[in-house]
Amino acid sequence: MRMMAERLHFVVWGPWTLVLLLGAGFWFTVRSGFFQLLGVRCWWRATAGSLWKEESGQEERGEKGKITRFQSACTALAATIGTGNIVGVATALTAGGPGALFWMWVSAAIGMMTAYAETCLGQRYRYRQSNGEWMCGPMVYMERGLGCPLLGKLYALFAVLASLGMGSMVQSNSMSGTLEFGIGIPPLFSAFLITVLTGTVILGGIRRISRVSERLMPVSAGIYVIFSLIVILSCWEYLPRIFADIFREAFRLESAGGGITGFLLSRSVRYGMSRGVFSNEAGLGSLAVLHGAAEDTTPEQQGMWAMFEVFFDTIVICTLTALVILCVIDSGHGGDIRGADGAALTAFCFSARLGAAGEALVSGAMVIFAFATIIAWYYLGRQSFSYLLGCSGRDQSQENIRNRGYLALYLLAVFCGCVCRLEIVWLISDLWNGLMAYPNLLAVLWLSRQVSFPADFSTFALDKSRKSEYTDGNKRE
């Protein structure tokens with residue numbers, strides 16, 4: 001069983017998948033005029049920069065009950081910032097060396113435009129259901145844009161399976177394991193605690209999920225950034241040599257004797273790019289679903305928020321984790337770390353400079369990031385489940401019954417994840433994640449002409465007159 005899963009995993013996440021992901025991102029990079037680089041001032045001012053403006057702050061509060069752009073962005077960040085930012089980065093460095101970090105940057109820079117495109121399309125084709133909530137995501141633009149509902153059903157199936165695996169079981173298992181080894185809480189007790197907390201949040205629907213994410217993510221991410229910078233700056237004299245190693249190792253050819261094949265199969269490229277995609281999810285279509293509930297916005301505005309999330313997830317959080325590990329190892333403060341990998345390696349490096357507080361930081365970050373991922377992926381899975389069964393926007397009572405069925409199934413997956421061994425689940429869940437990319441990228445590339453970009457990077461502002469076009473629910477086809 002495990003051997004078969006590993007073979008399927010290689011097929012789905014082989015170099016051809018990376019070529020497809022990067023190719024799609026590069027296509028939108030060229031079409032946009034390298035917007036993520038040349039338009040950095042534009043998308044920064046429209047996202048994180050807008051949070052400091054008083055007038056923007058008043059607009060973001062919006063009407064009671066509405067999901068603001070910032071809340072939607074925090075929900076998407078909750079889904080992307082997870083164990084991949086700690087476990088995935090450490091694994092990439094262990095397997096691919098320092099050069100893997102460079103290719104994580106590359107995957108993020110290119111993936112920013114893929115995230116923009118899929119989120120923009122999601123906003124264009126979304127529609128309101130009978131309960132007043134939005135239905136949005138790749139399955140919607142596959143049906144309404146491509147005219148291929150069967151492909152939408154296939155994507156929804158992969159998304160539901162991924163939500164029950166990577167979105168719930170894997171994350172709750174990480175929480176349970178961290179709580180057991182960190183403060184000695186038995187897995188069974190953790191299972192009850194995590195399941196109850198998860199149920200309390202997700203029973204409130206997307207509004208409660210958004211409110212919790214809005215409060216949880218800025219604080220937890222901010223604390224992680226501060227402590228990471230403390231460790232890195234304590235080893236500042238080693239940074240020039242570390243960056244030299246990163247760029248030198250990034251272009252070392254391995255395997256197939258050089259050439260383009262050897263380049264794509266080199267460990268630095270494979271692990272850097274695959275872990276980058278695993279972390280920020282650009283190209284998987286999940287961001288299109290998670291941004292679907294935002295009100296008073298335009299496709300371009302939400303697309304830029306998606307760009308910011310990929311930037312913050314990989315360029316900021318993953319880079320800080322990698323530099324902490326590389327600084328401690330290069331400075332010799334880590335001692336003997338042979339055999340350490342994943343969260344253990346990251347915790348070891350933090351504790352080497354910060355003592356017990358460093359290890360507690362990593363444990364706390366693992367728990368918070370994983371919990372945030374669980375509640376965000378519930379919304380993604382529920383939307384996909386509703387679409388898969390064809391009940392969205394039709395019989396309200398039937399839809400409520402099916403939503404409660406998915407809720408019970410999701411909470412069961414969270415509980416089981418805490419008390420079960422999940423080696424095979426990790427592989428299979430990663431498989432579903434990869435399979436989400438194929439139909440999504442096909443649809444995004446086919447509909448690429450419908451993805452619009454700011455015409456002038458320096459003067460772009462949210463066109464308030466166009467908000468109603470994507471808020472009234474009467475979608476223009």
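**Exercise 1.** Does Ser190 count as buried or exposed, and at what relative accessibility?

*Solution.* The model is predicted: local features need pLDDT of at least 70, side-chain atom pairs count only at pLDDT 80 or more, and totals for chains, interfaces and linings use all residues. Residues are numbered from 1 along each chain as its sequence is written, and side-chain values use heavy atoms, with hydrogens and water left out.

Step 1. Apply the cut-offs: buried means under 20% relative accessible area, exposed over 50%, and partly exposed in between (1.4 Å probe, protein chains only). Ser190 has 0% relative accessibility and therefore counts as buried.

Step 2. List its surroundings. With neighbours within four places in sequence set aside, Ser190 is in contact (heavy atoms within 4.5 Å) with Ser176, Leu179, Ile185 and Cys418.

**Exercise 2.** Describe how helices H13 and H17 pack.

*Solution.* Step 1. Two packed helices are described by the angle between their axes and the distance between the axes. For H13 (residues 239-250) and H17 (residues 299-331), the angle is about 115° and the axes are 10 Å apart. Axes are lines fitted to C-alpha atoms, for helices over the stretch in contact, and angles run from 0 to 180 degrees between N-to-C directions.

Step 1. Classify the angle: H13 and H17 are roughly perpendicular to each other, a class that covers 65 to 115 degrees.

Step 2. Identify the residues. H13 contributes Leu239, Arg241, Ile242, Phe243, Asp245 and Ile246, while H17 contributes Leu323, Leu326, Cys327 and Asp330.

**Exercise 3.** Compare the span of helix H19 with its expected value, and state how many of its residues are buried.

*Solution.* Step 1. H19 (residues 356-388) has 33 residues and reaches 47 Å from first to last C-alpha, close to the expected 48 Å. The expected span is 1.5 Å times one less than the number of residues.

Step 1. Because 25 of its 33 residues are buried, H19 is largely enclosed by the rest of the structure.

Step 2. Just after H19, Gly390 takes a positive phi of about 70°.

**Exercise 4.** Where is Phe34, and what is its phi?

*Solution.* Step 1. Phe34 sits in the loop between helix H2 (15-31) and helix H3 (35-38).

Step 1. Its phi is near 60°, a positive value in a residue other than glycine. Most residues other than glycine have a negative phi.

Step 2. At 36% relative accessibility, Phe34 counts as partly exposed.

Terms used:
Helices (H or I, at least four residues) and strands (E, at least two) are DSSP runs, numbered from the N terminus. Angles under 35 degrees count as roughly parallel, over 145 as roughly antiparallel, 65 to 115 as roughly perpendicular and the rest as oblique.
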